[in-house]
Amino acid sequence: MYNITIILAGGTGSRVGGDTPKQFLLLDDGRSVLEHAIDAFEAAQAIDEIAVVMHSDHIDTLQKLCQKNKWQKVAKIIPGGAERWESSWHAILAYLDETSSPVTGNPSPVTLWFHDAARPFVSQRIIADVADALENHDAVTVAVPVTDTLYKVQRDNVQSAEMNVASVPSRTDFMRAQTPQAFHIDLIADAYMKAIAGEEIIATDDAGIVRKYEPRHPIFIVPGEEANRKITYKGDL
């Protein structure tokens, strides 16, 4: 198995506020959110290669971070797209011809892992469990149980700000998605090709693309952790 992590860092982080994208904001130790995310996969024994998808305006900043940190596994910097799915697709295209290990040339399966740069606290346990799961599954995601009560809401129309409670579903049927999400390269490429050839793509993660366009392939769930939170708002820092 040749495992390639795609760090999705192309967002602008508008919900955090300010002019600096959230992946470049500093944590208490003086190192950025993005550095922590890359560090986790750099240190992981199961990961063979890392690529970072970055907005073209910030590629110079990323290159400086690579020089500063001397990461050995960061092999590619890929320009991002306007939407998250476009960034994932750009990464898939960058590796589409690699169906065996580029190091040995042996027909070892290649997997692509997609991880949000805004999740800097992913643990080595999660990474190891995803790698183990890929030995027996073509698609793997990470999730944690829902602890809050959920409401299904009803609106008069899509644009309406007024909502009513339509139903209260059982929270045991739901989990909150995290990353990394990992797939054998042929599966994720086929799913995206079908998505792009079809109607407008509406998806917030890569597992959603696989679930919709390759439903014959079950997506195995690895237990996540509350610490593997996503930095979305300024308070999350």
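Me: Where does Ser160 sit in this predicted model?

Reply: Ser160 is in the loop between strand S6 (152-155) and strand S7 (163-167).

Me: Why does Ser160 count as buried?

Reply: Check its relative accessibility, which is 16%. Buried means under 20%, so Ser160 counts as buried.

Me: What about Ala117: buried or exposed?

Reply: Buried, because its relative accessibility is 2% and the cut-off is under 20%. You'll find Ala117 in the loop between S4 and helix H4 (124-133).

Me: Which residues is Ala117 in contact with, leaving aside its neighbours within four places in sequence?

Reply: With those neighbours set aside, the list is Ile7, Leu8, Ala9, Gln23, Val33, Leu34 and Ala37. As for Phe24, its C-alpha atom is 9.6 Å from that of Ala117, though the two are 93 residues apart along the chain.

Me: How many aromatic pairs are there?

Reply: The count is two.

Me: What makes the pair of Trp89 and Tyr192 stacked?

Reply: Two numbers do the work. The ring centres are 6.2 Å apart, and a pair needs them within 6.5 Å. The planes are at 15°, and anything under 30 degrees counts as stacked. So stacked it is.

Me: Why can we say that this pair ties together separate parts of the sequence?

Reply: Because Trp89 belongs to helix H3 (residues 84-95) while Tyr192 belongs to helix H5 (residues 185-197), parts that are 103 residues apart in sequence. Both Trp89 and Tyr192 are buried.

Me: Why is the pair of Phe114 and Phe183 called tilted?

Reply: Its centre-to-centre distance is 6.2 Å, with 50° between the planes. Stacked would need under 30 degrees and edge-to-face over 60, so 50° falls in the rest, which is called tilted. This pair links distant parts of the chain too: Phe114 is in strand S4 (residues 110-116) and Phe183 in strand S8 (residues 175-184), 69 residues apart.

Me: How do you know that Phe114 and Phe183 are buried?

Reply: Phe114 has a relative accessible area of 0%, and Phe183 has 0% as well. Buried means under 20%, so both pass.

Me: What angle do H3 and H5 make, and why is it called oblique?

Reply: H3 and H5 pack at about 130°, with their axes 10 Å apart. Roughly perpendicular stops at 115 and roughly antiparallel starts over 145, so H3 and H5 are oblique to each other. Their crossing is left-handed. Trp89 and Tyr192 turn up again here, among the residues where the two helices meet.

Me: Why are H5 and H6 put in another class, roughly perpendicular?

Reply: H5 and helix H6 (residues 206-213) pack at about 75°, with their axes 9 Å apart. The range for roughly perpendicular is 65 to 115, so that is the label for H5 and H6. Residues that meet include Ile188 and Tyr192 in H5, and Ile209 and Tyr213 in H6.

Me: And what makes H1 and H2 oblique?

Reply: The axes of helix H1 (residues 33-43) and helix H2 (residues 59-69) cross at roughly 55° and come within 11 Å. Roughly parallel needs under 35 degrees and roughly perpendicular begins at 65, so H1 and H2 are oblique. The crossing is right-handed. Leu34, Glu35 and Ile38 of H1 make the contact with Leu62, Leu65, Lys68 and Asn69 of H2.

Me: How many residues of H1 are buried?

Reply: Nine of its 11, which is how H1 comes to be described as mostly covered. Among them are Val33, Leu34, Ala37 and Phe41.

Me: Why is Lys70 called exposed?

Reply: Its relative accessible area is 61%, and exposed means over 50%, so Lys70 qualifies.

Me: Which peptide bond is cis?

Reply: The one joining Thr179 and Pro180, where omega is about 15°. Most peptide bonds are trans. Pro180 is in strand S8.

Key: Residues numbered from 1 in each chain as written. Predicted model: local features only at pLDDT ≥ 70, side-chain atom pairs only at ≥ 80, totals over all residues. Heavy atoms only, no water. Phe/Tyr/Trp six-rings, centres within 6.5 Å; stacked < 30°, edge-to-face > 60°. Helix = DSSP H or I, 4+ residues; strand = E, 2+ residues; numbered from the N terminus. Buried < 20%, exposed > 50% of the residue type's maximum accessible area, 1.4 Å probe, protein only. Axes fitted to C-alpha atoms, helices over the stretch in contact; angles between N-to-C directions. Left-handed = near helix turned anticlockwise from the far one by under 90°. Contact = heavy atoms within 4.5 Å.
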